[in-house]
Amino acid sequence: MKRTYIKMLSIALTSVIAMAGFAGCNKAQTGGDKKKIGMVVSTLNNPFFVSMKDGATKKAKELGYDLVIVDSQNDAAKERSNVEDLLQQGVSVLIINPTDSDAVGNSIQVANNNKVPVLTVDRQANKGEVTAHIASDNVQGGKMAAEFILEKLGGKGNIVELQGIPGASATRDRGKGFHDVIDGKDGVKVVASQSADFDRQKGLNVMENIIQATPQFDAVFAHNDEMALGAVKALKDKKVLVVGFDGNDDAKKAVESGDMAATIAQQPDLMGSLAVETAVKVIKGEKVEKEIPVDLKLIKK
């Protein structure tokens, strides 16, 4: 009788273990927790990306999904580590705001290998399989900035360009749009073009160096508002037109006060919201567009 009881207990335990193994296998095959989305943000030390995070968080809560957000601190190695951690947590879809459009390819490949769909936001990826990209038309935004500056300068003058992080698609595209309009125009010259990594303090430092080396210029186009605000501080009382890009709250206040002439406003909260909406559609097996545009607008006084 005792032996029969032990045998029955052994069979029961074996069945439980087998069912647990099957459940674990089934979860892996279906791509993880169907209610969990991972989001990797390039940096949360920037109001633009904080707004993106807030928009994503609000939409995930509204739709009843668990959103896990991690900060790459503008470091591609950290970005890859973040991706690996989220995959270990069993996310079904990965939203990535790349630190660098080239370097992010390695992180995306890890997700591809694990058969987890990837969405990119704001900055594109130059490598890896991406299901959808959610972003403003940065080329068009660069053109809008250039056209506004030309109009304000009466079609002639010297311009300084503060570039973003080298390698980021936003840097490339905003610069392209700007130069498509400016280059070849008689009476207009870009007298300095330097990177300040989308950072306010670096924008201040780079602008101070440019002022020393190039005392005569009439306008500054910064690839984002953080650099534009740094430039404003460096320029102090100089009569120079400053145009930024993103439309963050500090920049809008600077436009209203007259410290900045304009900003090309993105809607980062909407980007985050659309990214989560798209992720949910992917999880449900619905078809999504490869490119999902977010409108831009010129904010001026």
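Visitor: Which residues line the largest cavity?
Guide: This is a predicted model. The structure holds one cavity of 30 Å³ or more. Its lining is made by Asn46, Phe48, Phe49, Asp122, Arg123, Ala170, Arg174, Phe198, Asn224, Asp246 and Gln266.

Visitor: Which elements give two or more residues to the lining of the largest cavity?
Guide: The lining includes Phe48 and Phe49, and also Ala170 and Arg174. The elements that reach two or more residues are helix 2 (47–63) and helix 6 (169–182).

Visitor: How much space lies in the largest cavity?
Guide: A cavity of 30 Å³ or more occurs once in the structure. The space in the largest cavity is about 60 Å³.

Visitor: Helix 6 also has a helix partner, helix 5 (residues 138–153). Are helix 5 and helix 6 parallel or oblique to each other?
Guide: The two axes come within 7 Å and cross at roughly 40 degrees. Angles under 35 degrees count as roughly parallel. Helix 5 and helix 6 are therefore oblique.

Visitor: Which residues of helix 6 meet helix 5?
Guide: The crossing of these helices is right-handed. On the helix 5 side, the residues are Asn138, Val139, Gly142, Lys143, Ala146, Glu147, Ile149 and Leu150. By class, the contact has eight nonpolar, three polar and six charged residues. From helix 6 come Ala170, Asp173, Arg174, Lys176, Gly177, Phe178, Asp180, Val181 and Ile182.

Visitor: Is helix 3 parallel or antiparallel to helix 4?
Guide: The axes of helix 3 (residues 76–88) and helix 4 (residues 104–113) come within 9 Å and cross at roughly 15 degrees. An angle under 35 degrees counts as roughly parallel. Helix 3 is therefore roughly parallel to helix 4.

Visitor: How many nonpolar, polar and charged residues are in the contact of helix 3 with helix 4?
Guide: Helix 3 brings Glu79, Arg80, Val83, Glu84 and Leu87, and helix 4 brings Val104, Asn106, Ser107, Val110 and Ala111. By class, this gives five nonpolar, two polar and three charged residues.

Visitor: Is the crossing of helix 7 and helix 8 left-handed or right-handed?
Guide: Helix 7 (residues 200–213) and helix 8 (residues 225–235) have axes that come within 7 Å and cross at roughly 45 degrees. That angle makes helix 7 oblique to helix 8. The crossing is right-handed.

Visitor: Which residues of helix 7 meet helix 8?
Guide: Helix 8 takes part through Glu226, Met227, Leu229, Gly230, Ala231, Lys233, Ala234 and Leu235. The contact has eight nonpolar, two polar and four charged residues.

Visitor: How far apart in space are asparagine 158 and threonine 214?
Guide: Asparagine 158 lies in strand 6 (residues 157–163). Beyond its neighbours within four places in sequence, asparagine 158 is in contact with Lys189, Val191, Gln216, Phe217, Asp218 and Ala219. Asparagine 158 and threonine 214 are 56 residues apart in sequence, and their C-alpha to C-alpha distance is 10.0 Å.

Technical notes. Residues numbered from 1 in each chain as written. Predicted model: local features only at pLDDT ≥ 70, side-chain atom pairs only at ≥ 80, totals over all residues. Heavy atoms only, no water. Axes fitted to C-alpha atoms, helices over the stretch in contact; angles between N-to-C directions. Helix = DSSP H or I, 4+ residues; strand = E, 2+ residues; numbered from the N terminus. Parallel < 35°, antiparallel > 145°, perpendicular 65-115°, else oblique. Contact = heavy atoms within 4.5 Å. Nonpolar A, V, L, I, M, F, W, Y, C, P; charged D, E, K, R; others polar. 1 Å grid on protein atoms, 1.4 Å probe; cavity = no way out; pocket = protein on both sides within 12 Å on 5 of 7 lines; lining within 4 Å. Points joined across faces, edges and corners; volume = space filled by probe spheres on them. Left-handed = near helix turned anticlockwise from the far one by under 90°.
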